[in-house]
Amino acid sequence: MIKMIGYAVLGVLVLGLSLAFAVSVQKFISNQKLAETAWNEYKPQKIEDLGTVKDLKIMPLIDYYTNSDNLTGEPGVSYLITAGDKKILFDVGYNMKSEHPSPLLRNMEQLGADTKDIDTVVISHNHIDHTGGLKAKKQNTFLLSGEAVDLKHVQAFVPEEMSHATAQIEVTQKPKKIAEGIATTGTIDRAIWMMGITPEQALAVNVEGRGLVLIVGCGHQKAERIIKRTKDLFSIPIYAVIGGLHYPVENSRMKFNMQKFIGTGKLPWQRIGKDEVEEAVAELEKTDLSVVGISAHDSCDWTLNRFREVFRDRYVDVVVGQEISI
Ligand SMILES: [Zn+2]
Ligand SMILES: [Zn+2]
């Protein structure tokens, strides 16, 4: 009798899970249609008066690899961008254990950076590896650490409705010049299984005598679409692409690479293949880039090596503690 009840409970459980899975697949397919329609229908207005910055420095504060044992690596992103006289924090890392001080603050201290000097925050998209962890997700905000960090002096450009205790928030769904020589591409939607529609923005910085440097978070938008959006927005050549492009095709350094199933913009059994990496590589090659650097937080080592192989001396490693100077 007990055995039969056990089987019945198991049966109900399996049925419930199968149903939930089927609903999640259905939801994903309808979100995918919505995201495609949004992409096809939106025609961005050209930004003609972007201006330039004299120089650009990108210091990875959080990413998978570090250049020293004194720094903490995380499967997340935060880059300190010095563009002319602007100091921009692009994403705020993962802080998986909700520590204070967070890996981001600890790395900042090690690298001589101070939150007081930051005047702008840009959040690429509202995923926990970019907004400071689960606690941030629950509060629909971004958090630099486990305890509050005062950002009264900061203007934050976020991709969707979010709040912050002290920073001044502006949603930049549409492309916008945010300072001289600096713009957001506006958001591009991507349907993500179990996570709804994710709008993601990239940052475009026009460096004098070089061209546009694109700084990307997770790259859920797809490399091809980021390039297309940028070409539609500006009459300036693209000089560099730095950041996450989300090509986890192999487990590589991990026994089990979750990124292969989550965040791919596909159903879990439809993996990202090497052919898609080749398509992205070809698109970037066509764009005639001078600098390319791919984040290891959401791409496997095979992908990084493929980019290294193709772009050779134009490739830069994106490593915490190693400044990229344009
Ligand atoms: Zn990410
Ligand atoms: Zn993401």
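Predicted model: local features only at pLDDT ≥ 70, side-chain atom pairs only at ≥ 80, totals over all residues.

## A buried threonine, and what surrounds it

Residues are numbered from 1 along each chain as its sequence is written, while chains are lettered from A and ligands numbered from 1 in the order in which they are written.

Thr141 sits in the loop between helix H4 (134-138) and strand E5 (155-158). Helices (H or I, at least four residues) and strands (E, at least two) are DSSP runs, numbered from the N terminus. Setting aside neighbours within four places in sequence, Thr141 is in contact with Ala136, Met162, Ser163 and His164; contact means that two C-beta atoms, placed from the backbone, lie within 7 Å. Asn140 lies in the loop between H4 and E5 too, and is partly exposed, with 14 other C-beta atoms within 10 Å.

Another buried residue is Leu212, with 23 other C-beta atoms within 10 Å. Leu212 belongs to strand E10 (residues 211-216). Beyond residues up to four places away in sequence, its contacts include Ala204, Val205, Phe234 and Ile236. The C-alpha atoms of Leu212 and Leu10 are separated by 57 Å, and the two residues are 202 apart along the chain.

## Backbone details to look at

| Residue | Phi | Location |
|---|---|---|
| Asn140 | about 50° | loop between H4 and E5 |

Asp91 is buried, with 29 other C-beta atoms within 10 Å. The loop between strand E3 (86-90) and helix H2 (103-110) also holds Pro101, and the peptide bond from His100 to Pro101 is cis, with omega near -5°.

## Helices

Helix H1 (residues 2-41) has 40 residues and reaches 59 Å from its first C-alpha to its last, close to the 58 Å expected at 1.5 Å a residue; the expected span is 1.5 Å times one less than the number of residues. Of those 40 residues the number buried is 2, so H1 lies largely in the open.

Helix H6 (residues 274-286) and helix H7 (residues 301-311) pack at an angle of about 30°, with axes 11 Å apart. Axes are lines fitted to C-alpha atoms, for helices over the stretch in contact, and angles run from 0 to 180 degrees between N-to-C directions. Val277, Val281 and Glu285 in H6 meet Thr303, Arg306, Phe307 and Val310 in H7. An α-helix has 3.6 residues a turn, so residues three or four places apart point the same way.

## The whole protein

In total, the protein has 7 helices and 13 strands. The C-alpha atoms fill a box of roughly 80 × 45 × 35 Å, taken along the principal axes. Of the 326 residues, 45% count as buried. Among contacts between residues at least 6 apart in sequence, 68% join residues at least 24 apart.

Conventions: Buried ≥ 20, exposed ≤ 12 C-beta atoms within 10 Å, placed from the backbone.
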